[in-house]
Amino acid sequence: MDRDRCLALDAADPLRDFKDEFVLPEGVVYLVGNSLGALPRRTAERVRRTVEDEWGGQLVGGWNHAGWYAQPLTVGDRLAPLIGAGPGQVVAGNTTSIAIFQAVSAALRLRPGRRVIVSDLSNFPTDHYMVQGLAGLLGGYEVRDFAERRFDDAAVVLLSEVDYRTGARHDMPSITAAAHEAGALIVWDLCHSVGAMEVDVSAADFAVGCTYKYLNAGPGAPAFLYVNPRHHATAENVLSGWHGHAEPFAFEPGYRPAEGVRRFAVSTPHVLSFAALEAALDVWERVPMAQVRAKSVALTSLFIDLVGDALELASPADPADRGSQVSFRHPDGYPVMRALIDRGVHGDFRAPDILRFGFAPLYIGYTDVYDAAQTLLEVLGKELWREERYATRLAVT
Ligand SMILES: *Cc1c(COP(=O)(O)O)cnc(C)c1O
């Protein structure tokens, strides 16, 4: 594989025009779209409209006339197709951590006789931290590591489809079936799946995810919570804020849950963040997800081939078993990544020794992958990372 061949692949790429939808700094190959997606070109104007025209022009009338009040549901409906859900099944807002608390606590209430929560110790820590907090609050619960692969007596299983550190992908259908067979409910975390591959939540009980990674909705963008319709009448939202009430503007002293997924809304939506999410969804509505996954597999495979034996691969070698990221191990991973970023190739580092590269197929091309791999090989081959200034850790790695 040489650079000319990559240029030809880019020219023939059916997704090539989407790159123009994004603002990307000159001279940068941005392989951190799995952490914070790039800025869509249309977002600034959409946010400006919300700030100046809606907030500035309509003031409090924006809640009724600019659609702010209904955002958790209208935007939830726009997110639904990206995870294989239907209308009225997804509520947007809050954060992934909060949605995890809501989903796991609701699942526990649906399985009152059981006292085991299965959670993956190698999952992104916040998932497991939220479970620990909830178990501590309730008392009497055992938290069992998913690695044991034992679902017996479990009330709920919480798992990420794609591992944030290695990019390893769990098989959603078989694990969902195994949890159900054991009488447990399952909550899927889709943070590293949504916008990277086709997802089908229809067998899951609950699913959560964020929109600031592959979906490009911006820093601090609203999360989402999917609730399977079979639980709509019985699942309870313990974060019983007024926006989940049947009639928020009746201002009743007692909590009465709304019908359907709206009972999982909690409080006043983050309207400015929703504006950026809506702009990102304007792009996604035109994207064929099967092409995204096909290109993602091609890009990650190309990167692995080009890096070859220069680094130890931490991701699964079979593309069917990984998401849209490639991770390598290196004992000096942190300074290696700093040296790489200094040369325009942006990945990130996850303790203790993981170099992470995310491939967002809407704005990363084959030539980008080629250039990133050559720069990485140079940083390693010439040991450019040994410069002293790369050793000091910044707050966010
Ligand atoms: C990114 C990510 C989160 C983020 O949680 P926040 O509440 O948005 O900070 C949670 N879980 C997983 C698996 C993630 O990858």
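A cavity here is a set of points, on a 1 Å grid over the protein atoms alone, where a 1.4 Å probe fits but cannot get out, and its lining residues have an atom within 4 Å of a point. Keep that in mind as you move through the model.

**Before you start**

This is a predicted model, in which local features need pLDDT of at least 70 and side-chain atom pairs count only at pLDDT 80 or more, while totals for chains, interfaces and linings use all residues. Residues are numbered from 1 along each chain as its sequence is written, and side-chain values use heavy atoms, with hydrogens and water left out.

**Stop 1: the two domains**

Colour the chain by domain: domain 1 covers 3-30 + 289-391 and domain 2 covers 45-284, with bounds from an automatic or database domain assignment. Their C-alpha centres lie 30 Å apart. Now select the interface, where 27 residues of domain 1 are in contact with 18 residues of domain 2 (contact means heavy atoms within 4.5 Å).

**Stop 2: the second largest cavity**

Next, select Gly195, Tyr214, Asn216, Trp284, Val292, Ala360, Pro361, Leu362 and Tyr363, which line the second largest cavity. Its volume is about 40 Å³; a volume is the space filled by probe spheres set on the points, and grid points are joined across faces, edges and corners. Each of domain 1 and domain 2 gives at least three residues to this lining. By class the lining has 7 nonpolar, 2 polar and no charged residues, where Ala, Val, Leu, Ile, Met, Phe, Trp, Tyr, Cys and Pro count as nonpolar, Asp, Glu, Lys and Arg as charged, and the others, Gly among them, as polar.

Stay on Asn216 for a moment. This residue is found in the loop between strand 9 (206-209) and strand 10 (223-227); helices (H or I, at least four residues) and strands (E, at least two) are DSSP runs, numbered from the N terminus. The phi of Asn216 is near 70 degrees, a positive value in a residue other than glycine. Asn216 counts as buried because its relative accessibility is 3% (buried means under 20% relative accessible area, exposed over 50%, partly exposed in between, with a 1.4 Å probe and protein chains only).

**Stop 3: helix 8**

Trp284 also belongs to the buried set of helix 8, so show residues 271-284. The 14 residues should span 20 Å at 1.5 Å a residue, and the end C-alpha atoms are 20 Å apart, which agrees; the expected span is 1.5 Å times one less than the number of residues. Helix 8 is mostly covered, with 11 of its 14 residues buried. Among the elements that cover them are helix 2 (43-58), helix 4 (71-79), strand 4 and helix 9 (289-307).

**Stop 4: the largest cavity**

How many cavities of 30 Å³ or more does the structure hold? There are 3, and the largest has a volume of about 110 Å³. Of the 15 residues that line the largest cavity, Ala92, Gly93, Asn94, Ala265 and Val266 are the closest to its centre. Strand 4 (90-93) and helix 5 (96-110) are the elements that give two or more residues to this lining, and strand 4 has the largest share, 3 residues. The lining is made of 9 nonpolar, 6 polar and no charged residues.

While you are at strand 4, pick Val90. Is Val90 buried or exposed? Val90 is buried, with a relative accessible area of 1%. Beyond four places away in sequence, Val90 touches residues including Pro72, Leu73, Ile83, Phe224 and Val261.

**Stop 5: helix 6**

Move to helix 6 (residues 125-138), whose 14 residues reach 20 Å from first C-alpha to last, close to the 20 Å expected. Select Thr126, Asp127, His128, Val131, Leu134 and Ala135, which are buried. They pack against helix 5, strand 5 (116-119), strand 6 (142-145), strand 7 (154-160) and strand 8 (185-189). Gly139 follows helix 6, and its phi is positive, near 75 degrees.

**Stop 6: backbone details**

Zoom in on the peptide bond from Ala351 to Pro352, which is cis, with omega near 5 degrees. Pro352 is found in the loop between strand 14 (348-350) and strand 15 (354-358).

Finish at Phe251, in the loop between strand 10 and helix 8. The phi of Phe251 is near 50 degrees, a positive value in a residue other than glycine. Phe251 is exposed, with a relative accessible area of 57%.

Note on methods: 1 Å grid on protein atoms, 1.4 Å probe; cavity = no way out; pocket = protein on both sides within 12 Å on 5 of 7 lines; lining within 4 Å.
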